[in-house]
Amino acid sequence: FFTVGKSMLHGLLPYRDLWEQKGPFLYMLHAVAAMISYRTFFGVYLLEIAAAFGFLWYSYRSCRLLTKKSGVLLLLPLMGALVFTSHSFAHGDSVEQLALAPLAYALYLGLSVVERKQPLRFGQAVAIGITSGMVFWSKFTLVGLYIGWFIVVACVTVKTSGMRALCSLIGGIAAGLLIITLPILLYFLYHGALSALFEGYFFANIFGYSQIDAEGNALLFNLQTGYGIARTVLGVVFRLGALGLFWCLIYRPLRTFLHLLFQAFFLLFFIYIGGRFYTYYALPLSIFACIG
């Protein structure tokens, strides 16, 4: 990732001049890291620290939506230690690690809607669009969480504030997506490499990188295998998330439980649907540990 980011500073383009199949936003982040420190990983380290901070901060805020006890703050270092020493943290500087912050942010805002029964402000909807776009243009298989997120948030928004509020939510998300997407498309269009972007990032990943076969049970097999691997490599972190779901089923409104369940299911679904099971794939599921 760092090599591609550094090369972009010298006019080379991902997918056209260099082959790596992750998303362009990820490489742009690493180009910024190279501006901070070209010959060391100090800039990358700052990216990792920022991602870890965002993950822990919004995990704490999610906790405070479910309990009035500020002492939960003392548990956050323990949760962070469990996440960052789990087997799923197999590599530093993975997309999964950097995505923890925007995913935790979405978890927090979604919980604020379903717990308080108040729709998001337009600016918050724009922020969801921007952060989900960051995830999409880094590794699009991680956007499954946002599908699960939108289902219950949309239902609660319509029920409490009507269709006008839902249109505002959709419009804000669309605006945020446009803010992050348009510069990326214009960058590749300016360099005459828009087709290389779509071929390298979308076509190659969907049709070349995945291991989906034609057997009818391939989908179910991939999900079962992925679930088992996630449970193993996350260890205590996975059990914390499961405990949190069980706790919400008993003690919180049904909408809160369904909101979390849909997010976890669609995130796991899109992570493992392609039939690859690398250890670090499970790391994004650790955002649910804070509920436990």
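## Lining of the largest cavity

In this predicted model, the residues that line the largest cavity divide into three nonpolar, one polar and two charged. The lining is formed by Glu96, Lys139, Thr141, Leu142, Ile271 and Tyr281, and the space that lies within this cavity comes to about 30 Å³. The count of cavities of 30 Å³ or more is one.

## Helix 3 against helix 4

Two packed helices are described by the angle between their axes and the distance between the axes. For helix 3 (residues 42-66) and helix 4 (residues 76-84), the angle is about 130° and the axes lie 11 Å apart; the two helices are therefore oblique to each other, and their crossing is right-handed.

On the side of helix 3 the contact is made by Ala52, Phe55, Leu56, Ser59 and Tyr60, while helix 4 contributes Leu76, Met79, Gly80, Val83 and Phe84. Taken by class, this contact of helix 3 with helix 4 holds eight nonpolar and two polar residues, with no charged residues.

## Helix 11 against helix 13

Helix 11 (residues 218-234) packs with helix 13 (residues 254-272) at an angle of about 110°, and their axes are 9 Å apart. Because angles of 65 to 115 degrees count as roughly perpendicular, helix 11 is described as roughly perpendicular to helix 13.

Helix 11 makes the contact through Leu219, Asn222, Leu223, Gly226, Tyr227 and Ala230, and helix 13 through Leu268, Phe269 and Tyr272. The residues of this contact of helix 11 with helix 13 divide into seven nonpolar and two polar, with no charged residues.

Notes:
Residues are numbered from 1 along each chain as its sequence is written. This is a predicted model: local features need pLDDT of at least 70, side-chain atom pairs count only at pLDDT 80 or more; totals for chains, interfaces and linings use all residues. Side-chain values use heavy atoms; hydrogens and water are left out. On a 1 Å grid over the protein atoms alone, a cavity is a set of points where a 1.4 Å probe fits but cannot get out, and a pocket is an open set with protein on both sides within 12 Å along at least five of seven lines; lining residues have an atom within 4 Å of a point. Grid points are joined across faces, edges and corners, and a volume is the space filled by probe spheres set on the points. Ala, Val, Leu, Ile, Met, Phe, Trp, Tyr, Cys and Pro count as nonpolar, Asp, Glu, Lys and Arg as charged, and the others, Gly among them, as polar. Axes are lines fitted to C-alpha atoms, for helices over the stretch in contact, and angles run from 0 to 180 degrees between N-to-C directions. Helices (H or I, at least four residues) and strands (E, at least two) are DSSP runs, numbered from the N terminus. Angles under 35 degrees count as roughly parallel, over 145 as roughly antiparallel, 65 to 115 as roughly perpendicular and the rest as oblique. A crossing is left-handed if the near helix is turned anticlockwise from the far one by less than a right angle, and right-handed if clockwise. Contact means heavy atoms within 4.5 Å.
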